[in-house]
Amino acid sequence: MERLRKAVIPAAGLGTRFLPITKVIPKPMLSVLDKPTIQYIAEELSSVGIEEIIIVVSPDSDIIKKHFSKADALKERLLSDNKMDLYEVLEKTEKFKVQFVVQEVANGLAGAILCAEPFVKDQPFALLLGDELICADGEQKPCMKRLAEIFEQTGKSVIATMEVFGDDVSKYGNIGISDETDGVMQVNAIVEKPSVNEALSNNAIIGRYVLSGEVMGMLKSLKPHGNEIYLTDALDTLAKDGKLLASCFEGERYDVGGKLGYVKANVELALKSKEIGKDLKEYLIGLVERLK
């Protein structure tokens, strides 16, 4: 079986829900605590041994490229000032082997994936969507590691899933499940954002995938819906052919694509910070008392 070597991170969205800040700063560069969200996404791949990351950006996203590029002058200054902790922080932004490709036309997720086709070709690839952070702690297995292991064991595409209920069912792609063994689900159908009555299960698709090499070719041949082609159409075909699996994950998921989820991620990750976690906890306890 071909080893998983590449990952695609779509990062060309307009981020309109965060205007006016996203007028100047791309949404993937918005900070959660002290790191941009796109770096959290890239760091999820550390457990998988991915050798190459392809980030799909909009035409005016030079700031993303700059974040992952070398900053020799700054590093020299930190060394001369003996600020080794900050030097190491900077080093972490430069360790990734990143290639960038521009999505000239805003034609959806599948369009972004196809922009990476010259780099991925017919090889399997991980796909990570930037609106979601998945943080594993301690002995928890990282989500991408779980998906990669399932792919390598089975040769089938695999997606991450979580249970949702009530009105939340209609916010996500939804999967039908025909079988489950050791937490690995055989997917037999997919519907996009169904009503509660139309849902196939309570299992939603979230933004982590490991996809086989055939998916890129499938996307190139799909019929568009208006100006877009849908990744879910390709996934549904895989499901009906018995080639799609799903798995739940360990750790916390933060939806940073909306303002409330973004604030929650900042608060919860700040509470885990060795630098400010204790002081923040005391502040929040006091704040709760004042809000009563």
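How much space lies in the second largest pocket? The second largest pocket holds about 1200 Å³. This is a predicted model, in which local features need pLDDT of at least 70 and side-chain atom pairs count only at pLDDT 80 or more, while totals for chains, interfaces and linings use all residues. Residues are numbered from 1 along each chain as its sequence is written, and side-chain values use heavy atoms, with hydrogens and water left out.

**The second largest pocket**

- A pocket is an open set of points on a 1 Å grid over the protein atoms alone, where a 1.4 Å probe fits, with protein on both sides within 12 Å along at least five of seven lines; lining residues have an atom within 4 Å of a point.
- The volume is the space filled by probe spheres set on the points, which are joined across faces, edges and corners.
- The lining has 36 residues, and Asp34, Lys35, Tyr40, Glu43 and Lys92 are the closest to the pocket centre.
- The largest share of this lining, 6 residues, comes from α4.

**Cysteines**

- A disulfide is a covalent bond between the sulfur atoms of two cysteines.
- The search of the whole structure finds 0 disulfides, where a disulfide is counted as a pair of cysteine sulfur atoms within 2.5 Å.
- Cys143 has its closest cysteine sulfur in Cys248, and because the distance is 9.7 Å, the two are too far apart for a bond.
- Cys143 is buried, at 4% relative accessible area, whereas Cys248 is partly exposed, at 34%.
- Buried means under 20% relative accessible area, exposed over 50%, and partly exposed in between, with a 1.4 Å probe and protein chains only.

Terms used
Helix = DSSP H or I, 4+ residues; strand = E, 2+ residues; numbered from the N terminus.
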